[in-house]
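Here is a brief report on one protein chain.

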Amino acid sequence: MNFLSLIESKREGKTLAPEQIQEFIREFTAGTIPDYQMAAMLMAIYFRGLTTAEITALTLAMRDSGDVLKFLRDERLLVDKHSTGGIGDKVSLPLAPLLACLGFRVPMISGRGLGITGGTLDKLDSIPGFKTLLPAGKIVDQVQKIGCVICGQTDRMVPADKKIYALRDVSGTVPSIPLITASILSKKLAESLDALVLDVKFGCAAFMQTRTDARKLAKAMVALGNECGVNTRAILTDMNTPLGRAAGNWLEVKESVACLEPISCSRRRESAHSSPKNSWRGLTSAATEINDLSLLVLDCAAHLLVQTRKAKTLAAARNQAADCLASGAPRKKWDEMLVAQGTDLGAFNKKLALDHTAPVVVELKAEKPGFVSRCDARLIGEVIRDLGGGRLTKESGINYDVGIDRLAKPGEAVQKSSVLARIHAGDQSQAKSACVRLRAAFEISARRTVTDPLVIEVISSSK
Ligand code: URA
(Lines give C-alpha, C1' and ligand atoms only; values in the text may rest on other atoms or scores of the structure.)
Protein backbone atom coordinates (compact mmCIF):
# COMPACT_ATOMS: atom_id res chain seq x y z
CA MET A 1 0.00 0.00 0.00
CA ASN A 2 1.20 3.49 -0.83
CA PHE A 3 0.33 5.19 2.46
CA LEU A 4 1.98 8.47 1.39
CA SER A 5 -0.58 8.90 -1.39
CA LEU A 6 -3.40 8.34 1.15
CA ILE A 7 -1.95 11.02 3.42
CA GLU A 8 -1.75 13.39 0.44
CA SER A 9 -5.36 12.59 -0.56
CA LYS A 10 -6.63 13.37 2.92
CA ARG A 11 -4.46 16.50 3.06
CA GLU A 12 -6.26 17.68 -0.11
CA GLY A 13 -9.66 16.93 1.48
CA LYS A 14 -10.45 13.84 -0.59
CA THR A 15 -12.51 10.91 0.70
CA LEU A 16 -10.78 7.59 1.43
CA ALA A 17 -12.39 4.27 0.50
CA PRO A 18 -13.32 1.87 3.34
CA GLU A 19 -10.81 -0.70 1.99
CA GLN A 20 -8.00 1.88 2.11
CA ILE A 21 -8.86 2.72 5.73
CA GLN A 22 -9.05 -0.97 6.70
CA GLU A 23 -5.67 -1.61 5.11
CA PHE A 24 -3.81 1.24 6.78
CA ILE A 25 -5.26 0.38 10.19
CA ARG A 26 -4.19 -3.26 9.68
CA GLU A 27 -0.68 -2.21 8.63
CA PHE A 28 -0.27 0.38 11.39
CA THR A 29 -1.33 -2.17 14.02
CA ALA A 30 1.15 -4.69 12.57
CA GLY A 31 3.92 -2.06 12.77
CA THR A 32 4.58 -1.66 9.04
CA ILE A 33 3.49 2.01 8.93
CA PRO A 34 5.84 4.25 10.93
CA ASP A 35 4.52 6.57 13.64
CA TYR A 36 5.62 9.72 11.76
CA GLN A 37 3.44 8.84 8.77
CA MET A 38 0.47 7.96 10.95
CA ALA A 39 0.90 11.24 12.85
CA ALA A 40 0.75 13.08 9.50
CA MET A 41 -2.45 11.23 8.58
CA LEU A 42 -3.99 12.09 11.97
CA MET A 43 -3.17 15.76 11.44
CA ALA A 44 -4.71 15.64 7.94
CA ILE A 45 -7.86 14.11 9.49
CA TYR A 46 -7.80 16.74 12.23
CA PHE A 47 -7.96 19.55 9.62
CA ARG A 48 -10.00 17.90 6.86
CA GLY A 49 -12.37 15.74 8.93
CA LEU A 50 -13.93 12.45 7.85
CA THR A 51 -17.24 11.65 6.14
CA THR A 52 -19.74 9.46 8.00
CA ALA A 53 -18.74 6.49 5.82
CA GLU A 54 -15.06 7.10 6.59
CA ILE A 55 -15.71 7.31 10.35
CA THR A 56 -17.67 4.05 10.18
CA ALA A 57 -14.88 2.31 8.26
CA LEU A 58 -12.23 3.64 10.68
CA THR A 59 -14.22 2.57 13.76
CA LEU A 60 -14.91 -0.93 12.48
CA ALA A 61 -11.29 -1.37 11.35
CA MET A 62 -10.09 -0.29 14.80
CA ARG A 63 -12.56 -2.64 16.52
CA ASP A 64 -11.37 -5.51 14.33
CA SER A 65 -7.69 -4.81 15.05
CA GLY A 66 -7.98 -7.14 18.07
CA ASP A 67 -10.28 -9.44 20.03
CA VAL A 68 -14.01 -8.77 20.12
CA LEU A 69 -15.84 -10.19 23.16
CA LYS A 70 -18.05 -13.08 22.10
CA PHE A 71 -21.14 -13.92 24.12
CA LEU A 72 -23.60 -16.75 23.68
CA ARG A 73 -27.11 -15.67 22.68
CA ASP A 74 -29.17 -15.15 25.78
CA GLU A 75 -32.44 -13.39 26.63
CA ARG A 76 -30.41 -10.86 28.65
CA LEU A 77 -29.34 -8.07 26.30
CA LEU A 78 -25.81 -6.63 26.45
CA VAL A 79 -25.68 -2.98 27.49
CA ASP A 80 -23.18 -0.39 28.69
CA LYS A 81 -22.72 3.30 29.46
CA HIS A 82 -19.80 5.50 28.49
CA SER A 83 -19.04 8.88 30.01
CA THR A 84 -16.70 11.44 28.49
CA GLY A 85 -15.48 12.05 32.04
CA GLY A 86 -15.58 14.60 34.80
CA ILE A 87 -15.02 15.27 38.49
CA GLY A 88 -16.80 12.97 40.93
CA ASP A 89 -18.26 10.96 38.04
CA LYS A 90 -18.64 7.54 39.65
CA VAL A 91 -21.90 6.56 37.89
CA SER A 92 -20.42 3.35 36.40
CA LEU A 93 -19.85 1.82 39.84
CA PRO A 94 -23.47 1.66 41.04
CA LEU A 95 -24.87 1.45 37.50
CA ALA A 96 -23.26 -1.88 36.51
CA PRO A 97 -24.84 -3.93 39.37
CA LEU A 98 -28.15 -2.07 38.98
CA LEU A 99 -28.30 -2.96 35.27
CA ALA A 100 -27.42 -6.60 36.04
CA CYS A 101 -30.35 -6.71 38.48
CA LEU A 102 -32.63 -5.21 35.82
CA GLY A 103 -31.91 -8.27 33.67
CA PHE A 104 -29.08 -7.01 31.46
CA ARG A 105 -25.56 -8.31 30.87
CA VAL A 106 -22.99 -5.56 31.40
CA PRO A 107 -19.44 -6.00 30.05
CA MET A 108 -18.23 -2.60 31.28
CA ILE A 109 -14.71 -2.05 29.92
CA SER A 110 -13.41 1.11 31.55
CA GLY A 111 -10.36 3.36 31.55
CA ARG A 112 -7.95 5.18 33.84
CA GLY A 113 -7.93 8.88 34.62
CA LEU A 114 -5.47 11.31 33.14
CA GLY A 115 -5.15 14.93 34.23
CA ILE A 116 -8.05 16.14 36.34
CA THR A 117 -10.72 13.65 35.29
CA GLY A 118 -10.97 10.48 37.32
CA GLY A 119 -10.97 7.00 35.82
CA THR A 120 -13.22 4.14 36.87
CA LEU A 121 -10.30 1.69 37.07
CA ASP A 122 -8.39 3.96 39.48
CA LYS A 123 -11.43 4.14 41.74
CA LEU A 124 -11.74 0.33 41.70
CA ASP A 125 -8.01 -0.07 42.40
CA SER A 126 -8.66 1.47 45.82
CA ILE A 127 -10.71 -1.62 46.78
CA PRO A 128 -8.59 -4.22 48.61
CA GLY A 129 -7.76 -7.10 46.24
CA PHE A 130 -10.06 -6.01 43.40
CA LYS A 131 -8.62 -7.07 40.01
CA THR A 132 -9.25 -4.81 37.05
CA LEU A 133 -7.08 -6.67 34.54
CA LEU A 134 -8.91 -9.79 33.41
CA PRO A 135 -8.44 -12.02 30.36
CA ALA A 136 -11.25 -11.96 27.77
CA GLY A 137 -12.42 -15.46 28.77
CA LYS A 138 -12.87 -14.44 32.40
CA ILE A 139 -14.72 -11.23 31.38
CA VAL A 140 -17.22 -13.21 29.32
CA ASP A 141 -17.55 -15.88 32.02
CA GLN A 142 -18.25 -13.39 34.78
CA VAL A 143 -20.81 -11.51 32.68
CA GLN A 144 -22.59 -14.80 31.92
CA LYS A 145 -22.54 -15.90 35.56
CA ILE A 146 -23.32 -12.75 37.54
CA GLY A 147 -24.42 -10.28 34.89
CA CYS A 148 -21.72 -7.62 35.21
CA VAL A 149 -18.03 -6.91 35.19
CA ILE A 150 -16.08 -3.65 35.41
CA CYS A 151 -12.52 -4.05 34.19
CA GLY A 152 -9.83 -2.72 31.88
CA GLN A 153 -9.28 -3.38 28.22
CA THR A 154 -7.14 -6.48 27.62
CA ASP A 155 -3.90 -6.08 25.63
CA ARG A 156 -5.59 -7.83 22.74
CA MET A 157 -8.68 -5.59 22.58
CA VAL A 158 -8.61 -2.67 20.11
CA PRO A 159 -4.79 -2.42 19.93
CA ALA A 160 -5.11 0.08 17.04
CA ASP A 161 -6.77 2.58 19.38
CA LYS A 162 -4.05 2.18 21.97
CA LYS A 163 -1.35 2.99 19.39
CA ILE A 164 -3.29 5.78 17.72
CA TYR A 165 -4.32 7.40 21.00
CA ALA A 166 -0.69 7.46 22.18
CA LEU A 167 0.25 9.27 18.94
CA ARG A 168 -2.68 11.71 19.17
CA ASP A 169 -1.60 12.56 22.68
CA VAL A 170 1.80 13.80 21.47
CA SER A 171 0.80 15.21 18.07
CA GLY A 172 -1.92 17.69 19.03
CA THR A 173 -4.69 15.64 17.44
CA VAL A 174 -6.79 14.63 20.46
CA PRO A 175 -9.61 17.22 20.03
CA SER A 176 -10.95 15.90 16.72
CA ILE A 177 -14.58 14.77 16.75
CA PRO A 178 -14.11 12.02 14.09
CA LEU A 179 -11.06 10.65 15.93
CA ILE A 180 -12.72 10.81 19.37
CA THR A 181 -15.84 9.15 17.96
CA ALA A 182 -13.87 6.31 16.37
CA SER A 183 -11.74 5.85 19.49
CA ILE A 184 -14.65 5.61 21.95
CA LEU A 185 -16.98 3.62 19.71
CA SER A 186 -14.36 1.09 18.55
CA LYS A 187 -13.87 0.07 22.19
CA LYS A 188 -17.60 -0.08 22.93
CA LEU A 189 -18.27 -2.08 19.75
CA ALA A 190 -15.66 -4.62 20.87
CA GLU A 191 -18.03 -5.43 23.77
CA SER A 192 -20.66 -6.72 21.26
CA LEU A 193 -23.39 -4.52 22.77
CA ASP A 194 -27.09 -4.35 21.97
CA ALA A 195 -27.55 -0.88 23.49
CA LEU A 196 -25.34 1.94 24.72
CA VAL A 197 -26.02 5.17 26.56
CA LEU A 198 -23.42 7.93 26.29
CA ASP A 199 -23.05 10.57 28.97
CA VAL A 200 -21.47 13.47 27.11
CA LYS A 201 -20.39 16.13 29.56
CA PHE A 202 -19.96 19.84 28.95
CA GLY A 203 -18.61 22.58 31.20
CA CYS A 204 -15.44 23.82 32.82
CA ALA A 205 -14.21 20.36 33.90
CA ALA A 206 -15.32 18.46 30.79
CA PHE A 207 -13.46 17.36 27.69
CA MET A 208 -15.96 19.45 25.69
CA GLN A 209 -16.25 22.85 27.32
CA THR A 210 -19.33 24.13 25.49
CA ARG A 211 -22.79 22.67 24.97
CA THR A 212 -22.39 23.17 21.23
CA ASP A 213 -19.24 21.04 21.04
CA ALA A 214 -20.70 18.40 23.37
CA ARG A 215 -23.83 18.24 21.19
CA LYS A 216 -21.69 17.82 18.04
CA LEU A 217 -19.73 14.96 19.60
CA ALA A 218 -22.89 13.33 20.97
CA LYS A 219 -24.61 13.47 17.58
CA ALA A 220 -21.60 11.98 15.81
CA MET A 221 -21.36 9.11 18.32
CA VAL A 222 -25.11 8.42 18.31
CA ALA A 223 -25.16 8.31 14.49
CA LEU A 224 -22.17 5.99 14.34
CA GLY A 225 -23.35 3.65 17.13
CA ASN A 226 -26.73 3.21 15.46
CA GLU A 227 -25.11 2.80 12.03
CA CYS A 228 -23.01 -0.03 13.50
CA GLY A 229 -26.07 -1.84 14.86
CA VAL A 230 -25.94 -0.74 18.52
CA ASN A 231 -28.99 1.14 19.77
CA THR A 232 -27.23 4.31 20.95
CA ARG A 233 -28.48 7.34 22.82
CA ALA A 234 -26.65 10.27 24.41
CA ILE A 235 -27.48 12.56 27.28
CA LEU A 236 -25.75 15.93 27.62
CA THR A 237 -24.90 16.61 31.26
CA ASP A 238 -23.46 19.56 33.14
CA MET A 239 -19.88 19.26 34.40
CA ASN A 240 -19.37 22.71 35.86
CA THR A 241 -20.10 21.26 39.32
CA PRO A 242 -18.73 17.89 40.54
CA LEU A 243 -21.17 14.99 40.51
CA GLY A 244 -22.19 13.87 43.99
CA ARG A 245 -20.52 15.07 47.16
CA ALA A 246 -17.19 13.29 46.92
CA ALA A 247 -14.26 13.26 44.49
CA GLY A 248 -11.11 11.20 44.88
CA ASN A 249 -10.74 7.47 44.29
CA TRP A 250 -11.62 5.75 47.57
CA LEU A 251 -14.06 8.49 48.62
CA GLU A 252 -15.95 7.88 45.37
CA VAL A 253 -16.16 4.16 46.04
CA LYS A 254 -17.69 4.97 49.44
CA GLU A 255 -20.23 7.30 47.86
CA SER A 256 -21.07 4.68 45.22
CA VAL A 257 -21.80 2.08 47.90
CA ALA A 258 -23.98 4.62 49.72
CA CYS A 259 -25.85 5.17 46.45
CA LEU A 260 -26.57 1.43 46.29
CA GLU A 261 -27.95 1.29 49.84
CA PRO A 262 -31.71 0.81 49.60
CA ILE A 263 -32.67 3.25 52.38
CA SER A 264 -33.31 6.31 50.29
CA CYS A 265 -35.01 4.68 47.34
CA SER A 266 -38.60 5.59 48.17
CA ARG A 267 -37.40 9.18 48.38
CA ARG A 268 -35.70 8.76 45.01
CA ARG A 269 -38.92 7.46 43.52
CA GLU A 270 -40.90 10.40 44.87
CA SER A 271 -38.34 12.77 43.46
CA ALA A 272 -38.47 11.07 40.07
CA HIS A 273 -42.22 11.76 40.02
CA SER A 274 -41.89 15.37 41.04
CA SER A 275 -38.92 16.11 38.81
CA PRO A 276 -39.70 19.00 36.51
CA LYS A 277 -38.42 18.11 33.04
CA ASN A 278 -35.16 16.47 33.97
CA SER A 279 -34.08 19.30 36.26
CA TRP A 280 -32.65 16.71 38.57
CA ARG A 281 -29.89 18.79 40.02
CA GLY A 282 -32.44 21.25 41.35
CA LEU A 283 -33.68 18.49 43.65
CA THR A 284 -30.41 18.14 45.46
CA SER A 285 -30.50 19.30 49.03
CA ALA A 286 -28.05 18.86 51.85
CA ALA A 287 -30.92 17.84 54.08
CA THR A 288 -31.95 14.79 52.04
CA GLU A 289 -30.23 11.70 50.71
CA ILE A 290 -31.62 12.40 47.25
CA ASN A 291 -28.76 13.54 45.11
CA ASP A 292 -27.64 14.14 41.58
CA LEU A 293 -25.54 10.95 41.59
CA SER A 294 -28.40 8.55 42.22
CA LEU A 295 -30.67 10.45 39.88
CA LEU A 296 -28.12 10.22 37.06
CA VAL A 297 -27.58 6.51 37.76
CA LEU A 298 -31.35 5.96 37.53
CA ASP A 299 -31.57 8.09 34.40
CA CYS A 300 -28.86 6.07 32.59
CA ALA A 301 -30.60 2.82 33.56
CA ALA A 302 -33.97 4.24 32.49
CA HIS A 303 -32.71 5.20 29.03
CA LEU A 304 -31.32 1.70 28.50
CA LEU A 305 -34.67 0.18 29.60
CA VAL A 306 -36.46 2.32 27.01
CA GLN A 307 -33.85 1.70 24.29
CA THR A 308 -34.22 -2.06 24.75
CA ARG A 309 -38.05 -1.82 24.95
CA LYS A 310 -38.14 -3.15 28.49
CA ALA A 311 -40.09 0.01 29.42
CA LYS A 312 -42.47 2.10 27.35
CA THR A 313 -41.73 5.52 28.78
CA LEU A 314 -38.84 7.16 30.55
CA ALA A 315 -41.05 7.85 33.58
CA ALA A 316 -42.02 4.17 33.87
CA ALA A 317 -38.39 3.16 33.35
CA ARG A 318 -37.19 5.47 36.13
CA ASN A 319 -39.69 3.89 38.52
CA GLN A 320 -38.59 0.39 37.46
CA ALA A 321 -34.95 1.31 38.12
CA ALA A 322 -35.77 3.04 41.43
CA ASP A 323 -37.76 0.01 42.63
CA CYS A 324 -34.88 -2.28 41.70
CA LEU A 325 -32.45 -0.12 43.67
CA ALA A 326 -34.90 -0.08 46.60
CA SER A 327 -35.00 -3.89 46.65
CA GLY A 328 -31.38 -3.98 47.83
CA ALA A 329 -30.51 -6.52 45.09
CA PRO A 330 -27.98 -4.21 43.34
CA ARG A 331 -26.14 -3.71 46.66
CA LYS A 332 -25.81 -7.51 46.95
CA LYS A 333 -24.81 -7.75 43.28
CA TRP A 334 -22.02 -5.21 43.96
CA ASP A 335 -20.61 -7.52 46.66
CA GLU A 336 -20.92 -10.47 44.29
CA MET A 337 -18.97 -8.57 41.62
CA LEU A 338 -16.28 -7.61 44.15
CA VAL A 339 -15.82 -11.21 45.28
CA ALA A 340 -15.76 -12.48 41.67
CA GLN A 341 -12.93 -9.99 40.98
CA GLY A 342 -10.80 -10.97 43.94
CA THR A 343 -11.94 -8.78 46.84
CA ASP A 344 -11.91 -9.95 50.45
CA LEU A 345 -15.31 -8.61 51.56
CA GLY A 346 -14.24 -8.54 55.21
CA ALA A 347 -11.32 -6.23 54.41
CA PHE A 348 -13.53 -4.12 52.13
CA ASN A 349 -16.26 -3.66 54.75
CA LYS A 350 -13.67 -2.80 57.40
CA LYS A 351 -12.24 -0.09 55.14
CA LEU A 352 -15.75 1.12 54.30
CA ALA A 353 -16.55 1.60 57.99
CA LEU A 354 -13.66 4.06 58.43
CA ASP A 355 -14.53 7.73 58.32
CA HIS A 356 -11.34 8.42 56.40
CA THR A 357 -8.23 6.59 55.26
CA ALA A 358 -6.03 9.61 54.46
CA PRO A 359 -3.69 10.67 57.33
CA VAL A 360 -5.01 14.25 57.54
CA VAL A 361 -8.57 15.58 57.23
CA VAL A 362 -9.45 19.27 57.41
CA GLU A 363 -12.69 21.17 56.89
CA LEU A 364 -13.12 24.19 54.68
CA LYS A 365 -15.75 26.44 56.29
CA ALA A 366 -17.93 29.22 54.90
CA GLU A 367 -16.83 32.72 55.90
CA LYS A 368 -20.33 34.16 55.59
CA PRO A 369 -23.92 32.96 55.44
CA GLY A 370 -25.76 32.74 52.12
CA PHE A 371 -26.30 30.31 49.28
CA VAL A 372 -23.67 28.36 47.37
CA SER A 373 -23.73 29.75 43.83
CA ARG A 374 -20.59 28.06 42.46
CA CYS A 375 -18.66 24.88 43.26
CA ASP A 376 -16.03 24.83 40.54
CA ALA A 377 -15.41 21.30 39.27
CA ARG A 378 -12.20 22.19 37.40
CA LEU A 379 -10.54 23.78 40.43
CA ILE A 380 -11.63 20.88 42.64
CA GLY A 381 -10.21 18.40 40.11
CA GLU A 382 -6.90 20.29 40.01
CA VAL A 383 -6.64 20.35 43.81
CA ILE A 384 -7.29 16.59 44.02
CA ARG A 385 -4.77 15.85 41.27
CA ASP A 386 -2.15 17.91 43.13
CA LEU A 387 -2.95 16.13 46.40
CA GLY A 388 -1.79 13.00 44.52
CA GLY A 389 -5.24 11.70 43.60
CA GLY A 390 -4.72 12.04 39.83
CA ARG A 391 -2.00 11.63 37.25
CA LEU A 392 0.09 14.26 35.50
CA THR A 393 1.54 11.61 33.16
CA LYS A 394 0.39 8.08 32.28
CA GLU A 395 3.22 6.71 34.43
CA SER A 396 2.42 8.70 37.62
CA GLY A 397 1.43 6.78 40.75
CA ILE A 398 -1.78 7.61 42.61
CA ASN A 399 -2.71 8.16 46.26
CA TYR A 400 -6.13 6.49 46.47
CA ASP A 401 -7.04 7.91 49.88
CA VAL A 402 -6.83 11.64 49.13
CA GLY A 403 -9.72 13.71 47.85
CA ILE A 404 -12.62 15.88 48.89
CA ASP A 405 -15.99 14.97 50.40
CA ARG A 406 -19.00 16.66 52.03
CA LEU A 407 -19.09 19.11 49.14
CA ALA A 408 -21.70 21.85 49.43
CA LYS A 409 -23.50 22.22 46.10
CA PRO A 410 -25.00 25.16 44.23
CA GLY A 411 -28.40 26.20 45.52
CA GLU A 412 -27.72 25.06 49.10
CA ALA A 413 -28.00 27.41 52.06
CA VAL A 414 -24.96 27.74 54.32
CA GLN A 415 -24.36 29.51 57.64
CA LYS A 416 -21.12 31.19 58.67
CA SER A 417 -18.77 28.27 59.54
CA SER A 418 -20.86 25.63 57.72
CA VAL A 419 -18.65 23.01 56.08
CA LEU A 420 -18.17 23.67 52.35
CA ALA A 421 -15.88 20.68 51.84
CA ARG A 422 -13.67 18.25 53.71
CA ILE A 423 -10.13 17.76 52.42
CA HIS A 424 -8.41 14.38 52.76
CA ALA A 425 -4.64 14.82 52.38
CA GLY A 426 -1.35 12.99 52.78
CA ASP A 427 0.07 15.51 55.28
CA GLN A 428 -0.65 18.81 57.03
CA SER A 429 1.15 21.04 54.55
CA GLN A 430 -0.69 19.52 51.56
CA ALA A 431 -3.98 19.91 53.41
CA LYS A 432 -3.24 23.55 54.20
CA SER A 433 -2.34 24.50 50.64
CA ALA A 434 -5.38 22.57 49.25
CA CYS A 435 -7.62 24.42 51.70
CA VAL A 436 -6.36 27.81 50.50
CA ARG A 437 -6.82 26.89 46.82
CA LEU A 438 -10.19 25.28 47.39
CA ARG A 439 -11.74 28.44 48.84
CA ALA A 440 -11.62 29.97 45.36
CA ALA A 441 -13.78 27.11 44.05
CA PHE A 442 -16.77 28.29 46.08
CA GLU A 443 -18.89 31.37 45.71
CA ILE A 444 -21.50 32.31 48.30
CA SER A 445 -24.26 34.70 47.25
CA ALA A 446 -26.87 36.53 49.27
CA ARG A 447 -29.66 35.09 47.12
CA ARG A 448 -30.35 31.53 46.01
CA THR A 449 -29.53 31.33 42.32
CA VAL A 450 -31.40 29.03 39.98
CA THR A 451 -29.28 25.96 39.29
CA ASP A 452 -29.07 24.54 35.79
CA PRO A 453 -30.54 21.10 35.16
CA LEU A 454 -28.01 18.27 35.25
CA VAL A 455 -29.30 16.61 32.07
CA ILE A 456 -29.97 19.28 29.48
CA GLU A 457 -30.72 17.21 26.41
CA VAL A 458 -31.28 13.66 25.15
CA ILE A 459 -30.00 12.80 21.68
CA SER A 460 -31.37 9.64 20.15
CA SER A 461 -30.72 10.40 16.51
CA SER A 462 -28.26 12.51 14.57
CA LYS A 463 -31.03 14.74 13.12
N1 URA B 1 -11.65 8.90 25.31
C2 URA B 1 -11.24 7.97 24.42
O3 URA B 1 -11.31 6.78 24.70
N4 URA B 1 -10.77 8.39 23.23
C5 URA B 1 -10.69 9.68 22.87
O6 URA B 1 -10.28 9.98 21.78
C7 URA B 1 -11.11 10.64 23.82
C8 URA B 1 -11.60 10.22 25.03
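## Domain contact

Domain 1 and domain 2 bury about 1,100 Å² between them, and 82% of that area is on carbon and sulfur atoms. On the domain 1 side, Phe28, Leu42 and Tyr46 lose the most area to domain 2. Together these three account for 49% of what that side buries. The model is predicted.

The domain assignment gives three entries for the chain: domain 1 (3-49), domain 2 (79-345 + 455-459) and domain 3 (359-445). The C-alpha centres of domain 1 and domain 2 lie 32 Å apart. Their contact takes 12 residues from domain 1 and 13 residues from domain 2.

What polar and charged links cross this interface? There are 0 salt bridges between domain 1 and domain 2. The rule finds 1 residue pair in polar contact across the interface, with both residues at pLDDT 80 or more.

Which helices of domain 1 supply the side that touches domain 2? Helices α2 (18-30) and α3 (35-48) each supply at least two residues. Helix α3 gives the most, with 7 residues. By class, this side of domain 1 has 8 nonpolar, 3 polar and 1 charged residues.

## Side-chain pairs

The count of aromatic pairs comes to 4. One of them joins phenylalanine 3 and phenylalanine 24. This pair is tilted, with 50° between the planes and 5.2 Å centre to centre. Phenylalanine 3 lies in helix α1 (residues 3-11) and phenylalanine 24 in helix α2, so the pair ties together parts that are 21 residues apart in sequence.

A search of the whole structure finds 36 salt bridges. Among them is the one between lysine 145 and aspartate 141, whose closest N and O atoms are 3.1 Å apart. Both residues sit in helix α7 (residues 136-146). They are 4 residues apart there, so about one helical turn separates them.

## Serine 418

Where does serine 418 lie? Serine 418 is in the loop between β9 (413-414) and β10 (419-425). Its side chain reaches the backbone nitrogen of glutamine 415 at 2.8 Å. Leaving aside residues up to four places away in sequence, serine 418 touches Leu364, Lys365 and Ala366. Serine 418 and lysine 368 are 50 residues apart in sequence, yet their C-alpha atoms are 8.8 Å apart in space.

## Distances for selected pairs

The table collects the pair distances given above.

| Pair | Atoms or points compared | Distance |
|---|---|---|
| Phenylalanine 3 and phenylalanine 24 | Ring centre to ring centre | 5.2 Å |
| Lysine 145 and aspartate 141 | Closest N and O atoms | 3.1 Å |
| Serine 418 and glutamine 415 | Side chain to backbone nitrogen | 2.8 Å |
| Serine 418 and lysine 368 | C-alpha to C-alpha | 8.8 Å |

How values were computed: Residues are numbered from 1 along each chain as its sequence is written. This is a predicted model: local features need pLDDT of at least 70, side-chain atom pairs count only at pLDDT 80 or more; totals for chains, interfaces and linings use all residues. Side-chain values use heavy atoms; hydrogens and water are left out. Domain bounds come from an automatic or database domain assignment. Contact means heavy atoms within 4.5 Å. Buried area is the accessible area (1.4 Å probe) that two parts lose on being put together, summed over both. A salt bridge is a side-chain nitrogen of Lys or Arg within 4 Å of a carboxyl oxygen of Asp or Glu. A polar contact is a pair of N or O atoms within 3.5 Å; within protein, one must be able to donate a hydrogen and the other to accept it, and residues adjacent in sequence count only if both atoms are side-chain atoms. Ala, Val, Leu, Ile, Met, Phe, Trp, Tyr, Cys and Pro count as nonpolar, Asp, Glu, Lys and Arg as charged, and the others, Gly among them, as polar. Rings of Phe, Tyr and Trp (its six-membered ring) pair if their centres lie within 6.5 Å; planes under 30 degrees apart count as stacked, over 60 as edge-to-face and the rest as tilted.
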